[in-house]
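Visitor: I would like to go through this structure term by term. For each label, please give me the value and the cut-off behind it.

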Amino acid sequence: MNLTLTLPIFVTILLAVVTGGCNCKIVQFIFGDSLSDVGNNNFLSKSLARANLPWYGIDFGNGLPNGRFCNGRTVADIIGDEMGLPRPPAYLNQSLTEDVILENGVNFASGGGGILKETGGLFIQRFSLFKQIELFQGTQDLIREKIGTKEAAKFFQQARYVVALGSNDFINNYLMPVYRDSWTYTDKSFIQYLMDTLRSQLTMLHSLGARELMVFGLGPMGCIPLQRVLSTDGQCQDKTNQLALAFNKATDELVVELANTLPNASYKFGDAYDVVNDVITNPGNYGFSNSDSPCCSFGKIRPAITCNPASTLCSDRSKYVFWDEYHPSDRANQLIAKELIKKLGFLNPNHTNIASSPTPTTDPSSDDDGP
């Protein structure tokens, strides 16, 4: 054996073991609400915002509830798939370990959560964005212990970050008289309050290593089935949509500002409002037949708030824009993701082979409206 050749190799291996070095791949860290939650709230025993009953998840994997507030995939699922990134598990998933984090990232999203701490209080348990960032800090401590400070810094700086919250700050806070914010602020001052808070949160994430970050905008939330059924004429609520547009404009400006001022920050704003609004207004142009009511509901008993085993399913889930009173269907999420990918030009950072993200099948017994 040639000791001259083998000694450097042995020393290299030994140093890697001792220092906990990591040839880490690029993963995602997702911060969000029920549009991105993949199971965190299912582990919050007192939460009133959980997707832990049929028929949630009916078109995903084994068809059982998995914590997603949808029949299939979230927008973040689909975008990550198209980028060749692994799907990050829920932070509260019991199988989460340091090795799983290094391989897949983490999803901190929580149904009912908002930019503001007070948002979604009626749901009792949920993670606000501040809490999600706090949990991310704890995750960083674990990874630093695992692979060392230097490698951990590299791992977190090369990761991709998604921040997708805001709708609950309106629908489950400002627009509900039971919340103090509804009578403390005007439309303009409330959005400024959101922007001041979001600025501090995005800046905090930058200090924790976030360099490649995308903020999702809001869709026409005044057109979700819940808002329609609560209106006097069954139409979209214009005030709610105007708030979404104002939020998007302010967030876009904030993200541009931070991208220009924070060192090495590549922060982008993903706005799909126009395409979602067009899908809702002209559903037939996109292959949908219904854009004003949920696929999963109690029929004429509205609002149903959540989908559960007693609910009735539509005969063809691919024809409905909305899955339940709040959330888009898998096929609608696919359209939203496609629009964001087109606008922002996402690339595959790991240079992996990308398999097409599977599209759910229609109801296997779609000859009637029952499950």
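Visitor: Why is Ser128 called buried?
Guide: Its relative accessible area is 10%. Buried means under 20% relative accessible area, exposed means over 50%, and partly exposed lies in between (1.4 Å probe, protein chains only). Ser128 is therefore buried, at 10%. One caution: this is a predicted model, where local features need pLDDT of at least 70, side-chain atom pairs count only at pLDDT 80 or more, and totals for chains, interfaces and linings use all residues. Residues are numbered from 1 along each chain as its sequence is written, and side-chain values use heavy atoms, with hydrogens and water left out.

Visitor: Where is Ser128 found, and what does Ser128 touch?
Guide: Ser128 is in the loop between β2 and α4 (129-147). Helices (H or I, at least four residues) and strands (E, at least two) are DSSP runs, numbered from the N terminus. Ser128 touches Gly114, Leu116 and Lys117, leaving out residues up to four places away in sequence. Contact means heavy atoms within 4.5 Å.

Visitor: What makes Asn264 count as exposed?
Guide: Asn264 has 68% relative accessibility, so it counts as exposed. Asn264 sits in the loop between α10 (238-261) and β5. Its phi is near 60 degrees, a positive value in a residue other than glycine.

Visitor: Which peptide bond is cis?
Guide: The one from Pro54 to Trp55, with omega near 20 degrees. Trp55 lies in the loop between β1 and α2 (75-83).

Visitor: Is Leu226 buried or exposed?
Guide: Leu226 has a relative accessible area of 6%, so it is buried. Leu226 belongs to helix α9 (residues 225-230). Beyond its neighbours within four places in sequence, Leu226 contacts Pro303, Ile305, Glu325 and Tyr326.

Visitor: Why is α4 called oblique to α5?
Guide: α4 and helix α5 (residues 149-158) pack at about 135 degrees, with their axes 7 Å apart. Axes are lines fitted to C-alpha atoms, for helices over the stretch in contact, and angles run from 0 to 180 degrees between N-to-C directions. Angles under 35 degrees count as roughly parallel, over 145 as roughly antiparallel, 65 to 115 as roughly perpendicular, and the rest as oblique. That makes α4 oblique to α5.

Visitor: Which residues make the contact of α4 with α5?
Guide: From α4, Phe136, Thr139, Gln140, Ile143, Arg144 and Ile147. From α5, Thr149, Glu151, Ala152, Phe155 and Phe156. By class, the contact has six nonpolar, three polar and two charged residues. Ala, Val, Leu, Ile, Met, Phe, Trp, Tyr, Cys and Pro count as nonpolar, Asp, Glu, Lys and Arg as charged, and the others, Gly among them, as polar.

Visitor: How do you know how α4 lies relative to α8?
Guide: α4 and helix α8 (residues 187-207) pack at about 10 degrees, with their axes 11 Å apart. That angle makes α4 roughly parallel to α8. Leu129, Phe130, Ile133 and Phe136 in α4 meet Thr197, Leu198, Ser200, Gln201, Met204 and Leu205 in α8. This contact has seven nonpolar, three polar and no charged residues.

Visitor: In what order do the strands of the open sheet stand?
Guide: The five strands run β2-β1-β3-β4-β5, and the pairing is parallel. Two strands pair if DSSP finds at least two bridges between them.

Visitor: Why do β2 and β5 stand at the edges?
Guide: β2 (105-107) and β5 (266-270) each have a single partner strand, so one side of each is left without a neighbour in the sheet. The twist averages 15 degrees from one strand to the next.

Visitor: How many bridges join β1 and β3?
Guide: Five, between β1 (residues 28-32) and β3 (residues 160-164), in the parallel sense. Ile30 stands opposite Val162 in β3.

Visitor: Which helix lies across β4 and β5?
Guide: Helix α12 (residues 330-344), running at about 135 degrees to β5.

Visitor: How many helices and strands are there in the protein?
Guide: 12 helices and nine strands. Of its 371 residues, 51% count as buried.
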